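Thanks, everyone. Please keep the sequence open beside it.

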Amino acid sequence: MTDHAVDAPSSNDRTWKPDLENADKNEQLQRPQLEEKVTGGSIAMGELKHNKLGWKRLAICLIVEAIALGSLSLPSAFATLGMVAGVLMTVGLGLIAIWTSYLVGQVKLKHPHVEHYADAVTLMWGKFGYELTSVMFVLVLILLTGSHVLTGTIAWVRIVNDPTLCALIWGLVSALLLYLLALPPTFHEFAILGYIDFASILVAITTTMIATGIHAGFAPGGLATMTWSAWPPASITFTKAFLATTNIIFAYSFAMCQYSFMAEMHTPRDYVKSIWALGIIEIVVYTLTGAIIYAFVGSGVASPSILSAPMVVSRVTFGLALPVIFISGSINTTVVGKYIMGRVFSTSEIRYVNTRKGWAIWLALIAGLTIIAWAVAEAIPFFNALLGLISSLFISGFTFYLPALFWFYILKQGRWDATYKNIGLSIVNGLVFLFGIVVLVCGTYASVWDIMQSYKTGKVGSSFTCSAASYGV
């Protein structure tokens, strides 16, 4: 992909705003022109095929990418932080994520050529920024796909409940499902799966809530005996508290793929509706999930909290959660695949996957990415801790400090102190930037500590193991 020139507003430009009215006119003029070109070549047809995403399906794609089975790890975060801090952190971080996602979208409106996160960073830091962000982007998404391989393995092991079967079989089954679900080459098509994904996670969460509530109600002494607390336990340490906080932080990491989704929107300015819909849904779902299940189970809640339910209910719930495990995991592979296709075949019709050669390359690419994700997840015995480390290093940037820098470098109108609005936004984005740096430093420290503790306590398993116990089931 070629370098993009930096096009930040000058210091005298204090009135910039997205030209939405002319954007509408241009869009109406350009779309018929594209339709006229369809008979002339596959590139124009590909552009039409990849320009159908509306704001509702964008919201669904963001939900698929953001809300996965990891939301059921939030009750354990509440158990570490206490009910009050858990609720405040969940709501507060959700509002910050909505704001940074808004900034991400504003960059796209001002620079329509931006198709992936690396393109936006190029506007600030040139070729170096592009290459650095590309590595971060691809690495995180492949590791996230790998985490869904492991989550799928845990689910299958619990559902089948036959310790004589080699657990690696379920890892291969999970990888195959992730591969098949990642094959739709456009997010407009993928969003259809998103409705199933969203229904799946809601049913899984609701079932877990009901099951743990009933179980608590029948326990000796009933709900009154549950050991939840409004405040953190006296034994809490900084590292444990920050690891719990990162569980909440990374549940809101939807800005990372936002450019990739917005590149297919037919009306990009509508993204604001999508992020508000997603943000509100996330805040409500995460807060209720964390608070209610923590209250029903108490301080001993497992992660994911499905494991705190009785065995039969746990097996049923994992079965209900299978769609969200594999659909949410596969979209990471699709995003990486589209990024690689766009970079390698930037001037070819192959990037649109609408020819035999394009489909052949796409099928092979998705297969290769899935195999890498499976192999890395199975080969590294402390994979989950490694994912936490990589998330602290990279997602802190995608979600917090990079969007704040976008405002200072690209979106700011004039000097930071030119108007009261600029002063206010400078303070807000400065605080967001500092928060992102804190997550980067403290999250990395906490993740390294967690890896070291896993080795000390013997919790680190072995590579490519058949033992179901190695998966914590």
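Start at Lys-127. Its relative accessible area is 38%, so Lys-127 is partly exposed. This is a predicted model, so keep that in mind throughout.

What does Lys-127 pair with? Lys-127 makes a salt bridge to Glu-131, and their closest N and O atoms are 3.0 Å apart. Glu-131 is partly exposed too, at 27% relative accessible area. Now look at the spacing. The two residues lie 4 apart in helix H6, so about one helical turn separates Lys-127 from Glu-131.

Next, Arg-415. Its salt bridge goes to Asp-417, with 3.0 Å between the closest N and O atoms. Arg-415 has 46% relative accessibility, which counts as partly exposed. Asp-417 is at 32% and also counts as partly exposed. Back to Lys-127 and Glu-131 for a moment. Through salt bridges with shared partners, Lys-127, Glu-131 and Arg-343 form one network.

Now Lys-273. Its side chain meets that of Asp-270 in a salt bridge, 3.9 Å from N to O. Asp-270 has 16%, and the cut-off for buried is under 20%, so Asp-270 is buried. In total, the model has 6 salt bridges.

Stay with helix H6, which runs over residues 117–160, and find Ile-142 in it. Ile-142 is buried, at 15% relative accessible area. What does Ile-142 touch beyond its sequence neighbours? Leaving out residues up to four places away, Ile-142 touches Leu-369, Ile-372 and Ala-373. Look at Val-336 as well. Val-336 is 194 residues from Ile-142 along the chain, yet their C-alpha atoms are 7.7 Å apart.

Last topic: a helix pair. Two packed helices are described by the angle and the distance between their axes. Take H5, residues 83–110, and H11, residues 271–297. Their axes come within 10 Å and cross at roughly 165°. That angle makes H5 roughly antiparallel to H11. The crossing is right-handed.

Which residues meet there? From H5, they include Met-83, Val-87, Gly-94, Ile-98 and Leu-109. From H11, they include Tyr-271, Trp-276, Gly-279, Ile-283 and Ala-295. The residues of this contact divide into 17 nonpolar and 7 polar, with no charged ones.

That's my tour. Over to you.

Technical notes:
Residues are numbered from 1 along each chain as its sequence is written. This is a predicted model: local features need pLDDT of at least 70, side-chain atom pairs count only at pLDDT 80 or more; totals for chains, interfaces and linings use all residues. Side-chain values use heavy atoms; hydrogens and water are left out. Buried means under 20% relative accessible area, exposed over 50%, partly exposed in between (1.4 Å probe, protein chains only). Contact means heavy atoms within 4.5 Å. Axes are lines fitted to C-alpha atoms, for helices over the stretch in contact, and angles run from 0 to 180 degrees between N-to-C directions. Angles under 35 degrees count as roughly parallel, over 145 as roughly antiparallel, 65 to 115 as roughly perpendicular and the rest as oblique. A crossing is left-handed if the near helix is turned anticlockwise from the far one by less than a right angle, and right-handed if clockwise. Ala, Val, Leu, Ile, Met, Phe, Trp, Tyr, Cys and Pro count as nonpolar, Asp, Glu, Lys and Arg as charged, and the others, Gly among them, as polar. A salt bridge is a side-chain nitrogen of Lys or Arg within 4 Å of a carboxyl oxygen of Asp or Glu.
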